[in-house]
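Me: I would like to go through this structure by question and answer. Please start from the terms and then take the sites one by one.

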Amino acid sequence: MQNNSFYNEILTEHNLHPYHKHGLADANLELEGVNPSCGDDIILRLKVVDDVIVDGAYEGEGCAISQASADMMLDLLIGKSKEEGLRLADIFSRMIKDKISDEELEELEEAGVLADISHMPARVKCAMLGWRTFREMVE
Ligand code: ZN
(Lines give C-alpha, C1' and ligand atoms only; values in the text may rest on other atoms or scores of the structure.)
Protein backbone atom coordinates (compact mmCIF):
# COMPACT_ATOMS: atom_id res chain seq x y z
CA MET A 1 0.00 0.00 0.00
CA GLN A 2 1.13 3.57 -0.54
CA ASN A 3 2.91 5.43 2.22
CA ASN A 4 1.49 8.48 3.95
CA SER A 5 3.55 11.12 2.22
CA PHE A 6 2.39 9.90 -1.21
CA TYR A 7 -1.20 9.97 0.01
CA ASN A 8 -0.79 13.52 1.37
CA GLU A 9 0.93 14.68 -1.79
CA ILE A 10 -1.90 13.51 -4.04
CA LEU A 11 -4.57 14.96 -1.75
CA THR A 12 -2.77 18.30 -1.58
CA GLU A 13 -2.23 18.39 -5.33
CA HIS A 14 -5.93 17.81 -6.06
CA ASN A 15 -6.91 20.52 -3.58
CA LEU A 16 -4.45 23.13 -4.78
CA HIS A 17 -4.87 22.39 -8.47
CA PRO A 18 -8.19 20.63 -9.03
CA TYR A 19 -8.78 19.74 -12.68
CA HIS A 20 -12.53 19.55 -12.49
CA LYS A 21 -13.58 22.20 -9.93
CA HIS A 22 -15.45 24.67 -12.09
CA GLY A 23 -18.87 25.31 -13.59
CA LEU A 24 -20.22 23.30 -16.50
CA ALA A 25 -22.57 25.37 -18.60
CA ASP A 26 -23.78 22.55 -20.87
CA ALA A 27 -24.29 19.96 -18.14
CA ASN A 28 -27.50 17.94 -18.42
CA LEU A 29 -27.30 16.32 -14.99
CA GLU A 30 -26.82 18.17 -11.73
CA LEU A 31 -27.09 17.05 -8.13
CA GLU A 32 -25.99 18.42 -4.78
CA GLY A 33 -24.31 16.06 -2.35
CA VAL A 34 -24.01 16.91 1.32
CA ASN A 35 -22.11 15.26 4.14
CA PRO A 36 -23.41 17.02 7.26
CA SER A 37 -21.08 15.13 9.62
CA CYS A 38 -18.11 17.00 8.15
CA GLY A 39 -19.68 19.99 6.42
CA ASP A 40 -18.77 18.82 2.91
CA ASP A 41 -21.10 20.19 0.25
CA ILE A 42 -20.62 19.67 -3.48
CA ILE A 43 -22.62 20.17 -6.63
CA LEU A 44 -21.77 17.58 -9.22
CA ARG A 45 -22.51 18.26 -12.87
CA LEU A 46 -22.23 15.87 -15.79
CA LYS A 47 -22.82 16.11 -19.48
CA VAL A 48 -24.07 12.71 -20.63
CA VAL A 49 -24.62 11.99 -24.33
CA ASP A 50 -25.85 8.58 -25.49
CA ASP A 51 -25.06 7.12 -22.05
CA VAL A 52 -21.45 8.34 -22.20
CA ILE A 53 -20.11 10.84 -19.66
CA VAL A 54 -18.50 13.30 -22.05
CA ASP A 55 -17.72 15.95 -19.44
CA GLY A 56 -18.05 16.57 -15.75
CA ALA A 57 -17.24 19.11 -13.05
CA TYR A 58 -17.96 19.93 -9.43
CA GLU A 59 -18.16 23.00 -7.25
CA GLY A 60 -18.51 23.38 -3.54
CA GLU A 61 -16.54 23.22 -0.36
CA GLY A 62 -15.43 20.75 2.20
CA CYS A 63 -12.44 18.93 3.64
CA ALA A 64 -9.42 17.93 1.58
CA ILE A 65 -10.58 14.32 1.30
CA SER A 66 -14.06 15.13 -0.05
CA GLN A 67 -12.72 17.58 -2.61
CA ALA A 68 -9.78 15.46 -3.79
CA SER A 69 -12.00 12.37 -4.00
CA ALA A 70 -14.52 14.19 -6.22
CA ASP A 71 -11.72 15.48 -8.43
CA MET A 72 -10.12 12.04 -8.82
CA MET A 73 -13.54 10.51 -9.46
CA LEU A 74 -14.12 12.84 -12.40
CA ASP A 75 -10.68 11.93 -13.77
CA LEU A 76 -11.96 8.37 -13.90
CA LEU A 77 -15.52 9.00 -15.07
CA ILE A 78 -15.05 11.36 -17.99
CA GLY A 79 -15.05 9.37 -21.21
CA LYS A 80 -16.70 6.32 -19.65
CA SER A 81 -20.22 5.01 -20.06
CA LYS A 82 -22.65 5.46 -17.17
CA GLU A 83 -22.61 1.71 -16.62
CA GLU A 84 -18.81 1.62 -16.45
CA GLY A 85 -18.93 4.59 -14.05
CA LEU A 86 -21.31 2.72 -11.77
CA ARG A 87 -19.02 -0.30 -11.84
CA LEU A 88 -16.10 1.91 -10.75
CA ALA A 89 -18.31 3.45 -8.03
CA ASP A 90 -18.97 -0.05 -6.76
CA ILE A 91 -15.25 -0.89 -6.72
CA PHE A 92 -14.46 2.37 -4.93
CA SER A 93 -17.11 1.79 -2.31
CA ARG A 94 -15.89 -1.76 -1.70
CA MET A 95 -12.33 -0.44 -1.40
CA ILE A 96 -13.41 2.04 1.28
CA LYS A 97 -15.59 -0.40 3.20
CA ASP A 98 -13.72 -3.61 2.80
CA LYS A 99 -11.15 -5.01 0.40
CA ILE A 100 -10.64 -5.25 -3.34
CA SER A 101 -8.24 -7.15 -5.58
CA ASP A 102 -5.01 -5.63 -6.89
CA GLU A 103 -6.52 -5.54 -10.38
CA GLU A 104 -9.48 -3.57 -9.11
CA LEU A 105 -7.18 -1.20 -7.23
CA GLU A 106 -5.30 -0.50 -10.45
CA GLU A 107 -8.53 0.40 -12.20
CA LEU A 108 -9.11 3.17 -9.68
CA GLU A 109 -5.80 4.82 -10.62
CA GLU A 110 -5.06 7.73 -8.26
CA ALA A 111 -8.31 7.27 -6.36
CA GLY A 112 -6.70 4.13 -4.95
CA VAL A 113 -4.68 6.29 -2.55
CA LEU A 114 -7.88 6.63 -0.53
CA ALA A 115 -7.85 2.92 0.34
CA ASP A 116 -6.49 3.68 3.79
CA ILE A 117 -9.60 5.71 4.59
CA SER A 118 -11.13 2.37 5.52
CA HIS A 119 -9.12 2.68 8.75
CA MET A 120 -10.64 6.11 9.44
CA PRO A 121 -14.39 5.58 9.86
CA ALA A 122 -15.05 9.30 10.40
CA ARG A 123 -13.67 10.08 6.95
CA VAL A 124 -15.46 7.37 4.97
CA LYS A 125 -18.42 9.66 4.19
CA CYS A 126 -16.01 12.35 2.99
CA ALA A 127 -14.31 9.99 0.53
CA MET A 128 -17.67 8.57 -0.61
CA LEU A 129 -19.48 11.89 -1.11
CA GLY A 130 -18.64 12.41 -4.80
CA TRP A 131 -19.24 8.76 -5.68
CA ARG A 132 -22.50 8.60 -3.71
CA THR A 133 -23.72 11.74 -5.47
CA PHE A 134 -22.77 10.26 -8.85
CA ARG A 135 -24.66 7.05 -8.11
CA GLU A 136 -27.82 8.90 -7.02
CA MET A 137 -27.59 10.99 -10.12
CA VAL A 138 -27.43 8.25 -12.73
CA GLU A 139 -29.29 5.36 -11.11
ZN1 ZN B 1 -15.09 15.79 4.92
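Reply: Helices (H or I, at least four residues) and strands (E, at least two) are DSSP runs, numbered from the N terminus. This is a predicted model, in which local features need pLDDT of at least 70, side-chain atom pairs count only at pLDDT 80 or more, and totals for chains, interfaces and linings use all residues. Residues are numbered from 1 along each chain as its sequence is written, and side-chain values use heavy atoms, with hydrogens and water left out.

Me: In which helix does E13 lie?
Reply: E13 is one of the residues of a negative surface patch, together with E9, D75, E109 and E110. Patches are made of residues with over 30% relative accessible area and no salt bridge, like charges being joined within 9 Å and nonpolar side chains (Val, Leu, Ile, Met, Phe, Trp, Tyr) within 5 Å. The helix that holds E13 is α1 (residues 4-16).

Me: Is E13 buried, partly exposed or exposed?
Reply: Buried means under 20% relative accessible area, exposed over 50%, and partly exposed in between (1.4 Å probe, protein chains only). With 43% relative accessibility, E13 is partly exposed.

Me: How many residues apart are C63 and C126?
Reply: C63 sits in the loop between β3 (52-61) and α2 (64-77), and C126 in helix α5 (residues 124-138). C63 is buried at 15% relative accessible area, and C126 is buried at 0%. The pair links distant parts of the chain, 63 residues apart.

Me: How many salt bridges does a search of the whole structure find?
Reply: A salt bridge is a side-chain nitrogen of Lys or Arg within 4 Å of a carboxyl oxygen of Asp or Glu. One network of such bridges links D90, R94, E104 and R135. For the whole structure, the search gives 10.

Me: Which parts does the salt bridge of R45 and E30 tie together?
Reply: The closest N and O atoms of R45 and E30 are 2.9 Å apart. R45 is buried at 14% relative accessibility, whereas E30 is exposed at 53%. The two residues are 15 apart in sequence, so the bridge ties together strand β2 (residues 40-49), with R45, and strand β1 (residues 29-35), with E30.

Me: What is the N to O distance in the salt bridge of E107 and R87?
Reply: E107 is in helix α4 (residues 102-107) and R87 in helix α3 (residues 82-97), 20 residues apart. E107 is partly exposed at 30%, and R87 is partly exposed at 37%. Their side chains meet at 2.5 Å.

Me: What separates E136 and R132 in helix α5?
Reply: E136 and R132 form a salt bridge with closest N and O atoms 3.5 Å apart. R132 is partly exposed, at 34% relative accessibility. Because E136 and R132 are four residues apart in helix α5, their separation is about one helical turn.

Me: How far apart in space are H119 and L31?
Reply: H119 is located in the loop between α4 and α5, and is exposed at 64% relative accessible area. H119 and L31 are 88 residues apart in sequence, and their C-alpha to C-alpha distance is 29 Å.

Note on methods
Areas by Shrake-Rupley, 256 points an atom, 1.4 Å probe, with all protein chains shown as cover. Lys, Arg positive; Asp, Glu negative; His and termini not counted. Charge placed at Lys NZ, Arg CZ, Asp CG, Glu CD.
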